[in-house]
Amino acid sequence: MKRLLPVLLLLASCAATDEKKPDYTITFHAQATDMDPPKTMFPFDLNGRRMFFKVVPEFSQQNIIAFHPFPGTEGGDSGAVLQLDFRGKSQLEIITRTRRDEYLLAMVNARPVDYVVLDQPVLDGVLTLWHGLPDEVI
C-alpha cells in the first residue's frame with residue numbers, strides 16, 4: 001500500500017492540472033519548402049496559386065499576451081493587433097529573418113483567415129491580423 005500511495009497522488013495531481021481546452025485556436029504556419037516531408041505540410045490556394053504550409057505552427061494563441069481588436073477590413077469579422085510573449089516574439093523574429101519573401105498563414109479554428117508576406121524582420125513581437133477573427137474569438 002505504501003508504494004501505491006505515491007502513484008495515486010501522482011495520478012490525482014495530473015488529473016487536477018488537466019486544463020480546459022480553449023474554445024478556439026489561433027495558429028501561424030510558415031510556408032513549407034521542398035525539403036519538408038509531404039506528411040508535414042498541407043496545401044492552400046493563395047493568390048491563385050497552390051502553396052504548401054507546415055502543419056506544425058510556428059506559434060499559437062498560447063503565445064499571445066495582449067491584443068487590440070478593431071473592425072475588420074472585409075466586413076463581418078474583426079481584426080486584431082497581437083503582442084506575442086518571449087517565445088512567440090523570438091520565433092517571429094527568426095522566421096522573418098530567415099524566410100524572407102515567404103508567407104505566414106494565420107488560421108482560426110483550423111480555417112485560414114489571413115496571411116502576411118515576410119518582407120522585413122519583426123523585432124517587437126507585434127503582428128496584425130487584418131480580418132478573419134470571429135466575434136466569439138475576440
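**Strand β9.** I started with β9, residues 126–133, in this predicted model. I found 6 of its 8 residues buried, so the rest of the structure largely encloses this strand. Buried here means under 20% relative accessible area.

**Who sits beside β9?** Next I looked up the pairing with β6, residues 78–84: the two strands run antiparallel and are joined by 5 bridges.

A reminder to myself: strands of a sheet pair through backbone hydrogen bonds, in either a parallel or an antiparallel way.

**Helix α2.** Does the length of α2 agree or disagree with its residue count? The helix covers residues 86–98, and its 13 residues should span 18 Å at 1.5 Å a residue; the end C-alpha atoms are 18 Å apart, so the two agree. Which residues of α2 are buried? I listed G88, L92, I95 and T96. They take up an arc of only 100° around the axis, which means they lie on the same side of α2. The face turned away from that buried side carries F86 and T98, both exposed.

I also checked where α2 goes.

**Strand β7.** Since β7 turned up in that list, I looked there next. 6 of its 6 residues are buried. Both faces are covered, with Y103, L105 and M107 on one side and L104, A106 and V108 on the other.

What does β7 pair with? Strand β1 (residues 26–30) pairs with β7 over 5 bridges in the antiparallel sense, and T27 has M107 as its bridge partner in β7. Strand β8 (residues 111–117) also pairs antiparallel with β7, over 6 bridges. There I found A106 opposite D114 of β8.

Last entry: β7 and β8 form a hairpin with 2 residues between the strands, and N109 takes a positive phi near 50° in this hairpin.

Terms used: Residues are numbered from 1 along each chain as its sequence is written. This is a predicted model: local features need pLDDT of at least 70, side-chain atom pairs count only at pLDDT 80 or more; totals for chains, interfaces and linings use all residues. Side-chain values use heavy atoms; hydrogens and water are left out. Buried means under 20% relative accessible area, exposed over 50%, partly exposed in between (1.4 Å probe, protein chains only). Helices (H or I, at least four residues) and strands (E, at least two) are DSSP runs, numbered from the N terminus. Two strands pair if DSSP finds at least two bridges between them. The expected span of a helix is 1.5 Å times one less than its number of residues. The arc is that of the directions from the helix axis to the C-beta atoms.
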